[in-house]
Amino acid sequence: MDQKSFYDLLSRYENGNCTEAEKLWVDKWYHNLNSRNFKDLSSTALEEMQANTWLNINNIERKPAPTLKVKKLWPKFAIAAAILVAFFIGGLYLTNYNHAEQSFIDENSNLSLISKTNDTDRPIIIALSDESTVTLKPQANIIYPKIFATNKRMVYLKGTAFFSVSKNPKRPFYVYNQKLVIRVLGTSFWVKSSTDKLPAQVAVRTGKVQVEENQKNSLFTFSKEKLAKPILLTPNQKGVFSDHKLNKTLVSKPIPLAEAYNIPTSLSYNFKEESIKEIFKTLSEAYGIEIKSDNEQISTYTFTGDLSKKGLYEQLDLICGTISSKYYIQGTSIVVSNKN
């Protein structure tokens with residue numbers, strides 16, 4: 001059922017020309033709406049309700065009319081209000097997905113906006129007017145001004161992209177997507193929009209970024225208590241958004257800070273009878289990640305081996321293998337333990 005058909009249903013209902021099945025559904029739906037408190041619903045529940053509303057409206061056309069007669073329970077004005085509310089909620093299913101994007105476009109209506117989609121099978125690089133660059137993954141889309149505003153720089157992303165942002169403290173850089181708003185001054189980081197299988201994510205390579213929930217991702221207004229608390233991310237950290245919560249963890253492949261910033265380093269990963277405590281200090285300094293043990297005995301062990309050409313998690317696998325320990329990620333830290 002499209003919007004015109006729904007208005008036809010409204011007109012027929014008010015004129016008494018509906019089928020009994022249509023009258024029954026409207027009366028039942030109004031009763032359900034009247035008993036719900038939208039402010040107490042989660043975003044998932046609201047989305048399910050929106051989808052079910054539109055599905056129920058469409059199912060009216062396919063269900064045979066029952067012979068049961070239903071007594072009208074409310075005056076015409078109440079019934080009309082019920083239908084309008086039902087149509088409003090049903091319509092959200094169609095409009096909610098693009099609400100954050102449309103809000104971004106409206107906010108930047110005074111600028112000349114460009115929309116670019118990567119229709120190739122390989123990443124493409126887009127140069128922005130402030131000398132920042134965006135590496136756009138296949139099928140990703142970005143909306144950006146031809147020339148940024150004087151006070152801030154804003155882009156809207158759908159899909160996955162890597163940003164390398166030029167430093168300009170007087171003009172902070174913002175990346176918007178359906179779920180998140182990322183604020184940076186000058187850094188490089190990955191942004192991944194949410195999908196049916198994966199939540200929205202931000203992974204930092206250099207610099208710092210602040211991540212918060214995009215309050216304009218829905219027509220519903222949520223209380224501050226229900227919105228995710230903003231988080232600050234540093235190199236090799238990742239923010240994951242799900243159900244109005246932002247959690248900090250580590251990226252899947254941490255890289256040394258010297259490599260990320262392209263600067264020389266004097267750190268060596270070739271250890272000879274080095275204490276585990278000192279090795280943890282070296283690795284923590286190299287990656288900007290806290291590495292600790294939950295047992296003082298572990299710090300007394302020593303390790304010999306060359307870890308120069310291995311990633312952090314592989315380095316830890318080799319160290320833990322020699323001291324009969326294991327490691328796990330706890331927030332943005334790594335804990336080495338000899339407990340079973």
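I take buried to mean under 20% relative accessible area, exposed over 50%, and partly exposed in between, with a 1.4 Å probe and protein chains only.

**Ground rules.** I am reading a predicted model, in which local features need pLDDT of at least 70 and side-chain atom pairs count only at pLDDT 80 or more, while totals for chains, interfaces and linings use all residues. Residues are numbered from 1 along each chain as its sequence is written, and side-chain values use heavy atoms, with hydrogens and water left out.

**Entry: aromatic pairs.** I searched the whole structure for aromatic pairs and noted 8; rings of Phe, Tyr and Trp (its six-membered ring) pair if their centres lie within 6.5 Å, and planes under 30 degrees apart count as stacked, over 60 as edge-to-face and the rest as tilted. One of these pairs is formed by Phe162 and Trp190, which I logged as tilted, at 5.1 Å centre to centre with 55° between the planes. This pair links distant parts of the chain, since Phe162 is in strand E6 (residues 160-164) and Trp190 in strand E9 (residues 188-192), 28 residues apart; strands (E, at least two residues) are DSSP runs, numbered from the N terminus. On accessibility, Phe162 is buried at 17% relative accessible area, whereas Trp190 is partly exposed at 31%.

I then looked up Phe163 and Phe189, whose rings form a stacked pair, 5.3 Å centre to centre and 10° between the planes. Phe163 belongs to strand E6 and Phe189 to strand E9, so this pair ties together parts that are 26 residues apart in sequence. Phe163 is buried, with a relative accessible area of 0%, and for Phe189 I also find a buried residue, at 0%.

**Entry: cluster and charge.** I recorded one aromatic cluster formed by Phe104, Tyr156, Tyr174 and Tyr176. Over the face of Tyr174 lies Lys152, at 5.8 Å from the ring centre; a charge sits over a ring if NZ of Lys or CZ of Arg is within 6 Å of the ring centre and within 35 degrees of the ring normal.

**Entry: Arg153.** I located Arg153 in strand E5 (residues 153-158) and found that Arg153 is buried, with a relative accessible area of 0%.

How values were computed:
Helices (H or I, at least four residues) and strands (E, at least two) are DSSP runs, numbered from the N terminus.
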